[in-house]
Structure formats: C-alpha cells, structure tokens
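Please read the report below alongside the sequence and the coordinates. It covers side-chain pairing, packing and backbone geometry.

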Amino acid sequence: MDAAATSALSEYGLLGDTRTAALVSAGGSIDWLCAPAFDGEPVFGALLGGPEAGTFRAGPALPSRPLVRRYREHTATLETVWSTDGGTLSLTEAMVAEVSGRLMPATLLIRRLVAEGAPAEAVVELDPRLGEGHRRPRVRPGKHLVCEWGPLALSLGCSGGLRTTPGTTAAITVMPGRPVVLVLAVAYAEPLIWVDPESAWELVEADESRWRDWAAGFSQDIPFREPILRSLLTLKLLTYSPSGAPVAAPTTSLPEDAGGVRNWDYRYAWPRDASIGIGAFLGVGKDSEALNFLNWLLHASRLERPRLPALLTLTGGHVPRERTLEDWPGYRGSTPVRVGNGAAHQHQLDGYGWVLDAVWNLVRQGHPLNSETWRAMRGFADLVARRWQEPDAGIWEIRADAAQHVHSKVMGWLALDRALRIARTHPVGRRRQRRWDAARNSLAAEVRTRGFDPARNTYTRSYGSADLDSALLILPVTGFEEPDSARLRGTVDAVWTELSAGYPFLYRYPPGQDGLPGDEGAFLPCSFWLAQALALTGRASEAAELFGALLATAGPMGLFSEEIDPATGAFLGNYPQALTHASLVQAALALRDAAEGLAAGRGAVGRLGLDDIHEF
C-alpha cells in the first residue's frame with residue numbers, strides 16, 4: 001500500500017453526513033468511503049485495499065506535515081493547513097447532511113483548497129474503485145465527470161475550469177484569493193445532485209450554522225464541555241439518519257493487533273452500544289436522539305422478538321454472513337479483511353439489560369411508552385426470566401466462550417429490574433410481575449453466591465473462574481450493589497489492579513484468554529468505565545485524574561478508536577469508535593454528578609438516586 005494508506009489511525013479525520021462517512025489522511029487523501037451507506041461497498045478503499053482500492057486526494061503537490069489539523073469549532077467541518085513556499089495551503093471540507101432542514105437525497109462532499117501568502121502547488125486525484133474487485137467505473141462523457149457502476153453513480157465538479165480523469169493526477173496552482181472548490185456527489189438509484197462549485201461553499205456554511213445551533217443547546221456549565229461536544233457530534237455523525245440506527249464504527253477490519261487476525265466488521269448497529277449512546281444524549285438533555293434510537297429498535301427487532309439480536313443492519317435486517325475479501329492486504333498488512341459479522345447469531349444476555357435500562361430512563365425523562373413499545377419490552381423481560389440460567393457469549397463476543405458470565409447475569413438482573421420499574425406506570429398483569437420479580441431475586445442471589453470470590457473480595461468473570469472482567473466496572477451504574485458496598489469497591493480495585501495495561505489503561509479481560517493468536521491493545525471504553533466507576537463510588541479525585549489522562553490520549557482531532565497500544569499510544573481497532581465516545585460522555589457526566597454531590601449512582605444510561613437502589 002502507498003504511504004497515505006499507512007498513516008497512523010489517529011491522523012485520520014472523520015467526515016460524515018449521517019448516511020456514510022469518509023476517513024481523510026493528513027495528506028488530504030480520502031482512503032475510506034463506502035456507498036451509499038456505512039455498510040455499503042467502498043468506493044475509496046485504500047485504507048484496507050491499497051492503491052488499487054481507490055482514493056480521492058486533494059492537497060499539496062509534495063509530501064508535507066500539516067501545521068494545523070482541526071475541526072472548525074462545534075462543527076463537522078475539517079480543516080488542514082500545510083506550509084508552502086512563501087505561504088500556506090489549506091483544505092477545508094465537509095459532507096453536507098441537510099439543506100433547509102431536509103436530509104440531502106444523496107451524499108455531497110465539498111472540499112475547498114485555499115492559498116494564502118503565495119501561490120501553492122497542489123494536486124487533485126480522483127480514482128474511485130468499487131468493492132472487492134476494485135471495479136473501475138464507466139465514465140459518462142459530458143460537461144461534468146460522472147462515474148457509474150450500475151445504479152451507483154458518482155460525479156465530480158470543480159471550480160475554475162479544472163478537469164480531471166479517473167485514475168490520473170491533476171497538478172494545479174492555487175492562487176491567493178482564488179479558492180479551488182471540488183464537489184463530489186454520490187447517489188444510488190437516485191438522480192445525482194449537481195451543485196455549482198462556485199457557490200457550493202454556501203452549503204457548508206449553512207451546515208456549520210446548523211451544527212453550531214445544535215451545540216448551543218448544551219449548558220455552558222457542563223464540565224469537559226469541548227470533549228463532550230466532540231464526542232456527541234461524532235455519535236451524531238455515526239447515526240444512520242434514514243432509520244435512526246447508530247453504527248458502531250464506519251470501518252471494518254482495522255486491527256486490534258497490528259499485523260494480526262483480530263479484524264472485525266463494525267459497520268452495523270449493536271443495541272447494547274446504542275443504549276449506552278442513549279445515556280450520553282439523555283445526560284445532556286438531547287432526548288430526540290434517544291427517541292430516534294428507540295424507534296429504530298422497535299422496527300429492527302420486530303421480526304425476531306422476543307429475541308434481541310446482538311447486532312443488526314442499519315435498516316434492521318440480518319447481518320450478512322461473515323466472509324473474507326480476497327487479495328485485500330489489510331491495514332499495515334493485517335489480514336484477513338472481513339465483511340459481515342459472525343457474532344450476529346450469538347446469544348448475549350447483557351443486551352436486554354442495556355435496552356431496558358435505556359427505555360426506563362426515557363420513561364423517567366417523561367416519555368411514556370406506547371402499547372407497541374411496552375409490548376416489546378415485556379417480551380424482552382419474559383425472555384430473560386426464562387433464559388437467564390443459560391450460558392451466553394458475553395459482551396466480548398468471544399466465538400467459543402459460552403459461559404455463565406457474571407456481567408451478563410447482572411445485566412439480566414438489570415433487565416428484569418427495569419421492567420418492574422416501568423411496570424409501576426405501565427399496565428402489566430400481576431402474575432407476570434411476580435414472575436419477573438422471582439427471576440430477578442433468584443438471579444441476584446445466584447450471582448452473589450457463584451459469581452463472587454470472597455477470598456479476593458471481587459466479582460469474577462464467570463462462575464467458577466478466577467479471571468476478572470473489565471465489564472464488571474459497570475456494576476456501580478446498575479444499582480445491583482449500593483455505592484459504598486465493600487463488594488463493589490473490592491471489585492473496582494481488583495479489576496484496576498489485575499487488568500491494568502499501565503496507567504491509565506485497562507485490558508478488557510486477561511490477555512491471551514480468547515483463543516486467538518497474537519495480542520490486543522488496551523480497551524478504551526473500559527478505561528472510561530473505570531473513571532465512571534471511581535466517580536460513582538466516592539473517589540472523585542482519582543476519577544478526575546484518570547479521566548484527564550485518558551483525554552490526553554485522544555487523536556489530534558479529538559477522536560478515539562476502540563483500543564490503544566499501551567506502550568506506544570497508537571490507536572488500534574475500528575475507528576472512530578462510537579462506544580468509546582459514548583463511554584467518555586458517561587464518565588464525564590458521572591464526574592459532574594460527583595461534583596454536585598449526586599454520586600449516589602447513575603442508571604446504566606441515566607441518573608440513579610439512592611432511593612432507586614434495590615434492596616434484597
């Protein structure tokens with residue numbers, strides 16, 4: 001692969017329009033963009049497939065490190081500035097999601113090159129290749145460049161009379177005061193949108209105003225306001241707006257072990273991860289985003305209820321069978337490159353707890369459930385009451401790891417507990433409530449007996465195991481134990497000690513315990529969970545110190561991946577990762593509550609008061 005496609009992950013910026021997303025290198029090369037949606041085929045895939053997989057570059061003619069790489073304040077507009085002979089060259093770019101309050105019918109990417117101080121030599125290269133076979137487009141002759149692959153079409157318009165040919169590099173001189181604007185449109189089974197490049201920047205300015213208005217709705221008093229805003233804006237970009245589905249990440253197969261085989265497709269929606277995102281939005285008063293998720297979940301789960309699939313496509317369908325892309329070299333030689341995800345068929349008990357907790361918090365925020373939603377939630381609770389004694393795959397989706405996972409059991413308890421709380425204000429038969437209550441109490445009693453190691457004063461990864469699990473750090477937010485419980489504090493300390501990857505990082509479980517070759521990095525969501533757990537158990541100063549150390553590991557644009565190499569700080573895994581950003585927000589809100597004297601505990605996706613702790 002070429003140098004652009006081997007850039008460090010942290011150097012990639014994210015552009016998005018809430019349908020798909022692009023990753024842009026520090027050299028101005030778009031090395032990843034799937035069409036027409038996050039889970040579509042890549043049209044620019046150099047990140048994983050090398051130069052033969054396509055790219056779209058706009059930047060300096062000679063390799064140059066950026067002087068500045070940032071998002072314009074409270075927007076999704078990315079700005080990169082390079083030094084040139086006698087001046088600078090800047091690339092400012094955005095994907096426009098809405099016009100006049102309506103979703104764009106197709107993807108529209110606008111890029112603007114500006115020279116200041118002196119003329120700047122630059123290049124523009126458009127080389128789209130579709131999918132696994134790197135298919136070249138059929139180029140339609142005419143005034144504007146149009147590339148077609150059946151129903152999928154792409155067009156490029158350029159200001160100043162610039163003409164490009166797919167697969168070739170155009171050398172240009174950008175003059176001060178005469179920006180070069182590039183407008184890329186992508187459509188599937190829809191007419192392409194033509195926007196005059198000479199006036200296209202007005203759309204970006206309107207998009208920036210929309211984002212800034214959205215950000216202005218956040219209180220100025222929220223601690224860590226800027227990283228929270230960047231995380232929430234990233235979560236918005238990683239939401240598929242036509243359905244409301246939150247995508248875990250816009251990428252597939254970015255390695256958890258550089259050069260290794262731990263490469264998975266994350267371009268789908270996990271109800272668990274989405275529920276954590278709900279809490280992030282509810283915590284700052286953005287209820288509409290949470291309601292959109294609930295609407296998606298009702299639609300997506302309707303065919304398999306009461307079973308809750310571990311993950312779904314963005315439109316609520318079955319996730320494609322996991323397979324390998326042939327002859328794709330992978331990011332920095334990490335193969336295989338996978339599409340589809342085999343974890344879709346796993347039984348994961350914890351997902352029910354996350355979803356019911358999210359719904360309970362919506363109810364507590366003043367959003368009563370309609371009959372269909374409550375029917376679905378009752379079905380989920382019924383399934384948990386029937387199946388909680390079965391082993392499951394667990395939150396980490398280890399392919400051969402069906403076991404009695406303690407975290408899963410606690411989340412099963414949470415599902416039943418939240419269903420009973422919702423039942424206080426929603427109709428349900430007494431017999432059903434008694435069944436839920438009996439299962440909840442039996443589950444709690446079993447976890448406290450079989451899932452706890454009294455010699456070490458800690459809950460364990462699974463029944464009969466001495467191993468620990470960083471997912472246990474979620475216990476303080478569930479209400480399963482009181483905040484000052486010795487068992488709870490012992491578990492937090494044990495996980496921090498035994499799963500430490502070096503301050504401030506944690507492994508999610510003991511390295512080498514998943515049956516795969518190679519190693520993996522520290523899991524960033526778990527590190528934020530630790531900060532949250534410390535805040536909720538009366539250790540706010542330690543939590544704040546840890547949280548600050550984690551924020552310092554963000555990429556230059558404030559983005560996070562799934563994992564990090566604790567030795568080098570290099571990002572690992574799919575990027576940017578929604579779960580990491582949602583966990584960051586949750587940890588920040590826990591610190592806020594601790595500072596306000598409200599650290600009696602939070603629901604897994606919302607505030608939990610002392611009066612809500614369940615007594616046994």
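The sections below take up the basis of the model, salt bridges, nonpolar cores, helix pairs and backbone exceptions.

## Basis

This is a predicted model, in which local features need pLDDT of at least 70 and side-chain atom pairs count only at pLDDT 80 or more, while totals for chains, interfaces and linings use all residues. Residues are numbered from 1 along each chain as its sequence is written, and side-chain values use heavy atoms, with hydrogens and water left out.

Helices (H or I, at least four residues) and strands (E, at least two) are DSSP runs numbered from the N terminus. Relative accessible area, computed with a 1.4 Å probe on protein chains only, sets the burial classes: buried is under 20%, exposed is over 50%, and partly exposed is in between.

## Salt bridges

Side chains of opposite charge can pair when their charged atoms come close. The structure holds 41 salt bridges, each being a side-chain nitrogen of Lys or Arg within 4 Å of a carboxyl oxygen of Asp or Glu. One of them joins Arg65 and Glu11, with the closest N and O atoms 3.1 Å apart. This pair links distant parts of the chain, 54 residues apart: Arg65 is in the loop between β5 (55-60) and β6 (66-71), and Glu11 is in the segment before β1 (13-16). Arg65 is exposed at a relative accessible area of 56%, whereas Glu11 is buried at 19%.

A salt bridge also connects Glu256 and Arg508 (3.4 Å, N to O). Glu256 lies in the loop between β19 (245-246) and α4 (271-283) and Arg508 in the loop between α11 (486-498) and β24 (522-523), so the pair ties together parts that are 252 residues apart in sequence. Both Glu256 and Arg508 are buried. Arg448 and Glu481 form another salt bridge, at 3.8 Å from N to O. Here Arg448 belongs to helix α9 (residues 430-450) and Glu481 to the loop between α10 (475-478) and α11, 33 residues apart. Arg448 is partly exposed at 24% relative accessibility, and Glu481 is buried at 7%. Elsewhere, a network of salt bridges links Asp357, Asp417, Arg418, Arg421, Asp437 and Arg440.

## Nonpolar cores

A nonpolar core is a set of buried Ala, Val, Leu, Ile, Met, Phe, Trp, Tyr and Cys residues joined through side-chain atoms within 4.5 Å. The largest such core has 186 residues, of which Phe56, Leu113, Leu184, Leu232 and Trp436 touch the most other members. Helix α14 (residues 578-595) gives the most to this core, with 11 residues.

Leaving aside residues up to four places away in sequence, Leu184 touches several residues, including Leu33, Phe44, Phe56, Thr107, Leu126 and Leu156; contact means heavy atoms within 4.5 Å.

## Helix pairs

Two packed helices are described by the angle between their axes and the distance between the axes. Axes are lines fitted to C-alpha atoms, for helices over the stretch in contact, with angles from 0 to 180 degrees between N-to-C directions. The axes of α12 (residues 524-536) and α13 (residues 540-551) come within 7 Å and cross at roughly 160 degrees. That makes α12 roughly antiparallel to α13, a label for angles over 145 degrees. The crossing of α12 and α13 is left-handed, the near helix being turned anticlockwise from the far one by less than a right angle. Among the residues in contact are Phe528, Leu530 and Leu534 of α12 and Leu546, Phe547 and Leu550 of α13.

The axes of α4 and α5 come within 8 Å, also crossing at roughly 160 degrees. These two helices are therefore roughly antiparallel to each other, and α4 passes α5 in a left-handed crossing. Their contact includes Ile278, Phe281 and Leu282 of α4 and Ala290, Phe293 and Leu297 of α5.

## Backbone exceptions

Most residues other than glycine have a negative phi, and most peptide bonds are trans. A cis peptide bond joins Arg305 and Pro306, with omega about 5 degrees; Pro306 is in the loop between α5 (287-301) and β20 (323-324). The bond from Thr335 to Pro336 is cis as well, with omega near 5 degrees, and Pro336 is in the loop between β20 and β21 (338-339).

Ser253 has a positive phi, near 65 degrees. Ser253 is in the loop between β19 and α4 and is buried at 0% relative accessibility. Glu397, not a glycine either, has a positive phi of about 60 degrees. Glu397 sits in the loop between α7 (371-387) and α8 (406-422) and is buried, with a relative accessible area of 15%.

Methods: Angles under 35 degrees count as roughly parallel, over 145 as roughly antiparallel, 65 to 115 as roughly perpendicular and the rest as oblique.
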